Every structure is written in C-alpha cells, then in structure tokens.
Amino acid sequence: MRSLLFALLVLLLPRPAYAHLVSVRFGDFFGGALHVLSGLEHALVLLALGLLAGLQPREVGRWMLGAVPIGLALGGILAAAGFSTVSVQVAIVASLIVLGGLTAGHAKLPQTLLIALGLIAGALVGFENGLAMTERVTVTLFVAGVTVTGLVVVTPVTAAVATATDKANWAAIAVRSVASWLTAVGLIMIALVLRPH
C-alpha cells in the first residue's frame, strides 16, 4: 500500500510539459508525413494504388512498393524546384478514377504499366503536397515525410489484399467493390472540381 501511495505521489509531482517538438526542424518531416493525409484525394489515390497492386500477381504487384515512394519523392522535388504554378488537382482525381476502374475491372497489368501508374500517381500526389512547402520548410525532411507516409499506406494495403485474396475467393470481389466506390468518389470529385463557379 505504501509503494502504491508513493507511486501516486510521484505521478502527481508537477513537471514541465512540452507541447511542441523538441527539434523544430525535424517537425518538417512530420509536417510532410501528415500533409499527405490531409487531402482526401491524396489518401484515396494511395489506397487505390495499394488495392490495385494487391490484386496483381505478387511478382508484379510488389513493384508498386518501390514505384510509389519514388514517384512521391520526385513530385515533391519538382514542386520544390519551382514548378509551383502547375495545378495537378484534376490529374490526381483522374488518376483515382483510372486506378479505381482498373481495380474494379480486375485488370491484370504488365509490370511496366503498373510501375508507370505508381510513378505517375505518386508524382502527382507528391507534387501537390510539395506545393505546401514554404521557404522555411526543410525540403528533404518534408519530402521524406510525404514519401514515408505513402509507403506506410501502400505497403499494408497491398499485403492485406494479396493475403486476403490468396485465402478466400470472395475477398477479390470485396476489393473490387471498394475500388468501384473509389471510382464513384473520383467522378464526384472531378465534377466538383470542373464545375463552373
């Protein structure tokens, strides 16, 4: 009882609390990592990339795990290099429609096409996230955060889909249904983006 009372007293002693990152510069990494998930279309494109890769044969689908992070990094670097006047929002939503449609149709893609889709969609998402960088942001940390988040999203989705479809035939149908919803969301988004103001 005395030990428990002593432990409670120690826990109640006032100590300084820090609400901010100890290293402000390393905060740029977390800023990039979280910025990818702040846009619905970005997160949905990463999800669609993972679903598409998971439905492919493993020797083909695993290439997506390298293509997406490379594309994200390249897109972020291009944005940092000053190509900031280019708007890619329509292209990102269009890529969501294409990826969702290919997945819903259970398309078996050649390896080069799958890699190209991963690179292009990743570069579009990376570019638009890179546009959020200001002069005070450390580019390498921000782009690294965007890239790591992309890998952290795509890898488990790909692995889960591949594992589930190996174990149960109905899992592919469930994945294709989710992909059809992603396509529908993409169509709604593109209609909202392109509507006259």
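1. A residue is called buried when its relative accessible area is under 20%. By that cut-off, buried residues make up 41% of the 197 residues in the chain. The model is predicted.

2. Overall fold. The chain holds nine helices and zero strands. Read along the sequence, the pattern is α-α-α-α-α-α-α-α-α. Of the contacts with a separation of 6 or more, 87% join residues 24 or more positions apart.

3. Dimensions. The radius of gyration is 21 Å, whereas a compact globule of 197 residues would come near 16 Å. Along the principal axes, the C-alpha atoms fill a box of roughly 65 × 45 × 35 Å.

4. Surface. The accessible surface of the chain is about 11300 Å². Carbon and sulfur atoms account for 72% of that surface.

5. Aromatic pair. The count is one aromatic pair. Phenylalanine 29 and phenylalanine 30 form this pair, with 5.6 Å centre to centre and 80° between the planes. The arrangement counts as edge-to-face because planes over 60 degrees apart fall in that class. Are the two partners buried or exposed? Phenylalanine 29 has a relative accessible area of 18%, so it is buried. Phenylalanine 30 is at 35%, so it counts as partly exposed.

6. Threonine 158. This residue is found in helix H8, which spans residues 139-167. Threonine 158 has a relative accessible area of 8%, so it is buried. Where does its side chain reach? The side chain of threonine 158 meets the backbone oxygen of valine 154 at 2.8 Å. Leaving aside neighbours within four places in sequence, threonine 158 is in contact with Gly50, Ala53, Gly54 and Leu65.

Methods. Residues are numbered from 1 along each chain as its sequence is written. This is a predicted model: local features need pLDDT of at least 70, side-chain atom pairs count only at pLDDT 80 or more; totals for chains, interfaces and linings use all residues. Side-chain values use heavy atoms; hydrogens and water are left out. Rings of Phe, Tyr and Trp (its six-membered ring) pair if their centres lie within 6.5 Å; planes under 30 degrees apart count as stacked, over 60 as edge-to-face and the rest as tilted. Buried means under 20% relative accessible area, exposed over 50%, partly exposed in between (1.4 Å probe, protein chains only). Helices (H or I, at least four residues) and strands (E, at least two) are DSSP runs, numbered from the N terminus. A polar contact is a pair of N or O atoms within 3.5 Å; within protein, one must be able to donate a hydrogen and the other to accept it, and residues adjacent in sequence count only if both atoms are side-chain atoms. Contact means heavy atoms within 4.5 Å. The radius of gyration is taken over C-alpha atoms; the globule rule is 2.2 Å times the number of residues to the power 0.38. Accessible areas come from the Shrake-Rupley method with a 1.4 Å probe; for residues, only the protein chains shown count as cover.
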